[in-house]
Amino acid sequence: MAYNPADYEARRRGYTQQYGATGAMNAYANFLARQRGTRGRQDMLRQYEEAQPKVVAGYSRRGLVGPNVKSGIFSRGLQTLAKQRARNLQDYDQGQLEEQRMYDLGEAQRLEAFKNQLADMESEKAQTIANAARQLYANRMGMI
Amino acid sequence: MSNMENTVEESGVIRWDPAGKGFNPYTGVENDFRTVTSQIPSNTNTRSRAIIAESAPELFPAVSGTSNQNDYWLKLAQALGGYGAGSGGGHSGATKLGYAELAYKKAKDAQERQDALAALGYDRAQSARILGGMENYYRSGEYGKGFDELLDMITKQGAVSESGVRDAYGRAMTNIGQGYDVASGLGTAGFNALNQYLAQNQNNPYASMQATAGTAPDALTSYLSAYGVSDQPVQGQIQADQLQAQQGAANYQNLIDVLSGIAQQGAGSRGAESQMAQLLFNTGLGQERAGYQGQAENAQAQALAALQQQLFQSRFGVQSDRNSLANQLAQQIIQAGGNLSGSGSGSGSGNDNDENDGNAVVRPLPGQLLQTATPQEIVANQLANLLAPAQAQNSTAEQLLAELNARRGR
């Protein structure tokens, strides 16, 4: 097979374009996902900030908390609220983190595949050059 | 007595008048020439033989190999001689006429004989010159000059052709070497580019990845402290969740490490593949070069062998022609009575003194041949023996005849 550098450059441009376009699309999707995650976390924090005074007010109306009043029920209720908030934030952040890991892993795999494509192409090109060199040598010897 | 007169017709027939017949006192009978009708021979040799017979009848058989029984001129000369000798001073008119005619014919025949002998001498001299030239041409080896030039041309052409073959082999080897260098350089450049690419593009995207557990959420410590509530239960839960998250991150890191290891193995495999491909390329190219060199060497050997064969054939052909020409010359010289060795007939020469070198040779006597003589040499020797006396005295037939005449007092 004759060696034609243009073929390999065209293939390289194709691989790179495909990798770049897919990567941009994935990056944009990842950006949107992170945006959504940020907004969801902020919503969650806002909801807890809004819920905290209401919880204290409920215990206060029931007389479980107030000046010189501190009941165990209020303390456990408030700690439960804090633990629930911490658990929800943790789960949410873990979800966001795992989603980011999946994205990063996918991008790494995609980059690996892209590099493999280029490396395979380079190996093929080197082999083609070697075969072309032997063919040229044979042709030259045939002319003697 | 008859009235018929003696006449000589144009046809050469001599008619004698019967009156011319006379009594021969020596024979005691009457000569009768009426029946003598002789055809005058027109052949010069015949006339010459007749003259010789008349001059020296006893030598005639030795001079002429032919029988003289039907030689009418001889009979006529003998008859006239007998008649004249016995007639004394009394000649008749017919006898005078006959003598006059005979004298005329003798003079004419003598002139013709002289001319023939002169022509014979000229021919012999010319033949001797030709023979001498042929001998000189043969002995000096001049005849081989053209063949020597041909052999020299063949040798020079052979050298040129051999040089051409070796030059072609040299060019072929140069081209093989240059072609190998170019092909090797091209293939090596391709593999070098591959190796450089692989070195500069390590395909391990997992190497830079680090699995993190993420940040832990706050425990609302300030808020709880404001109400005098402890955050310890919240902190415990957060630490437990964080521990779980760290375990998940560790699992993820293990996954990354596995993938990274696979990627590194792939890169190593690719590098080994490149090296193996390059080694295979170099080995194959070297084998091809060896094959081409072998072909060139074989082609050179075949070309040189064919050239040598052609040169040998050409030399053989030239040498064969030279031998053929030498044999033809030798045969012609031998048949003409010449000498091939240049040492003279039996005289010998210093160059043939074989006794000096220890190789005693039984030499034949002059006029004899070696026992190894060929039939051609035997015939040539016989001819030489016949001509030897005349050649030795440098005499001609005319001189021989004059000598004979002198011996007879004429």
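What follows is a short chat about a predicted model with chains A and B.

User: Thanks! What are the ipTM and pTM scores?
Analyst: The ipTM is 0.88 and the pTM is 0.60.

User: And what is the mean pLDDT of chain B?
Analyst: Chain B has a mean pLDDT of 76, with 61% of its residues at 70 or more. pLDDT is the predictor's confidence in each residue, from 0 to 100.

User: Where in chain B is the pLDDT below 50?
Analyst: One such stretch is residues 34-42 of chain B, which has 21 contacts (heavy atoms within 4.5 Å) beyond near neighbours in sequence. Residues 345-366 of chain B also stay under 50, with 16 contacts beyond four places in sequence. Where pLDDT is low, the predicted coordinates should not be read in detail.

User: Switching topic: how many helices and strands does chain A have?
Analyst: Chain A has 2 helices and 2 strands, in the order α-β-β-α. Chain B comes to 9 helices and 2 strands. These are DSSP runs numbered from the N terminus: helices are H or I with at least four residues, strands are E with at least two.

User: How do α2(A) and α7(B) pack?
Analyst: Their axes are 11 Å apart, at an angle of about 0°. Axes are lines fitted to C-alpha atoms, for helices over the stretch in contact, and angles run from 0 to 180 degrees between N-to-C directions. α2(A) and α7(B) are therefore roughly parallel, a label for angles under 35 degrees.

User: Nice. Which residues touch the most other members of the largest nonpolar core?
Analyst: Those are A:Y137, B:I176, B:F191, B:F281 and B:L285, in a core of 24 residues. α2 (72-143) of chain A, plus α5 (145-200) and α7 (232-335) of chain B, each supply at least two of the core's residues. A nonpolar core is a set of buried Ala, Val, Leu, Ile, Met, Phe, Trp, Tyr and Cys residues joined through side-chain atoms within 4.5 Å; buried means under 20% relative accessible area, with a 1.4 Å probe and protein chains only.

User: What does the second core include?
Analyst: The second, separate core has 19 residues, among them A:F74, A:L89, B:L220 and B:L224.

Terms used:
Residues are numbered from 1 along each chain as its sequence is written. Chains are lettered from A and ligands numbered from 1 in the order in which they are written. This is a predicted model: local features need pLDDT of at least 70, side-chain atom pairs count only at pLDDT 80 or more; totals for chains, interfaces and linings use all residues. Side-chain values use heavy atoms; hydrogens and water are left out. Buried means under 20% relative accessible area, exposed over 50%, partly exposed in between (1.4 Å probe, protein chains only). Angles under 35 degrees count as roughly parallel, over 145 as roughly antiparallel, 65 to 115 as roughly perpendicular and the rest as oblique.
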